Amino acid sequence: MRVRPFFWCLLACSCVSVLIFATLVHTSAPAIMQVQIKQQPRAVGFTTLELHLTDPQGLPIEEAQIVSSARMTNMEMITHESHVKEVGQGTYIAQVHLYMAGPWEITLMAHAESFAPLNQTVLVQVM
């Protein structure tokens, strides 16, 4: 039995298209972000939050880009001072300057390659 050249071309095109599709489509795995406030937030100094990023199996996620922002919930005030640094083993320290007493909303956004972006909001009462 002889295979016609048309079917060889069809097979080759199918294989190439599957390979192209596999390289262009990136699936994002879910990730888990746990946030802890290290001390009672005060209007003097920085509020420190500890973040732990892991994959669903519990393995730490390294080299993630984390952005933090904070705003008061009862008036139009935002903070412009926030820093995030990587400690290691999927642990990150975020420091946010909450310069006024009252209710604040801290939003943390994390993005790591091959993982779905994460957003988490923490409501705190600054003394």
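A residue counts as buried under 20% relative accessible area, as exposed over 50%, and as partly exposed in between. The exercises below use a predicted model.

**Exercise 1.** Classify Phe 6 and Phe 7 by relative accessible area, then describe the aromatic pair they form.

Solution.
- Step 1. Phe 6 has a relative accessible area of 56%, so this residue is exposed.
- Step 2. For Phe 7 the value is 46%, which makes the residue partly exposed.
- Step 3. A pair of aromatic rings is described by the distance of the centres and the angle of the planes.
- Step 4. Between Phe 6 and Phe 7 these are 5.3 Å and 75°. Planes over 60 degrees apart count as edge-to-face, and the Phe 6 and Phe 7 pair is edge-to-face.

**Exercise 2.** The whole structure holds 2 aromatic pairs. Determine the geometry of the pair formed by Tyr 99 and Trp 104, and the exposure of each residue.

Solution.
- Step 1. The ring centres of Tyr 99 and Trp 104 are 5.6 Å apart and the planes stand at 75°, so this pair is edge-to-face.
- Step 2. Tyr 99 has 34% relative accessible area and is therefore partly exposed.
- Step 3. Trp 104 has 0% relative accessibility, so Trp 104 is buried.

**Exercise 3.** Locate the largest nonpolar core and list the contacts of Leu 98.

Solution.
- Step 1. The largest nonpolar core has 24 residues, and Leu 51, Leu 53, Leu 98 and Ile 106 have the most contacts inside it.
- Step 2. At least two residues of this core come from each of strand 2 (47-54), strand 3 (65-72), strand 5 (91-96), strand 6 (102-111) and strand 7 (118-126).
- Step 3. Leaving aside neighbours within four places in sequence, Leu 98 contacts Pro 41, Arg 42, Ala 43, Gly 45, Thr 47, Ala 70, Trp 104, Ile 106, Val 124 and Val 126.

Definitions and conventions: Residues numbered from 1 in each chain as written. Predicted model: local features only at pLDDT ≥ 70, side-chain atom pairs only at ≥ 80, totals over all residues. Heavy atoms only, no water. Core = buried A, V, L, I, M, F, W, Y, C linked by side-chain atoms within 4.5 Å. Buried < 20%, exposed > 50% of the residue type's maximum accessible area, 1.4 Å probe, protein only. Helix = DSSP H or I, 4+ residues; strand = E, 2+ residues; numbered from the N terminus. Contact = heavy atoms within 4.5 Å. Phe/Tyr/Trp six-rings, centres within 6.5 Å; stacked < 30°, edge-to-face > 60°.
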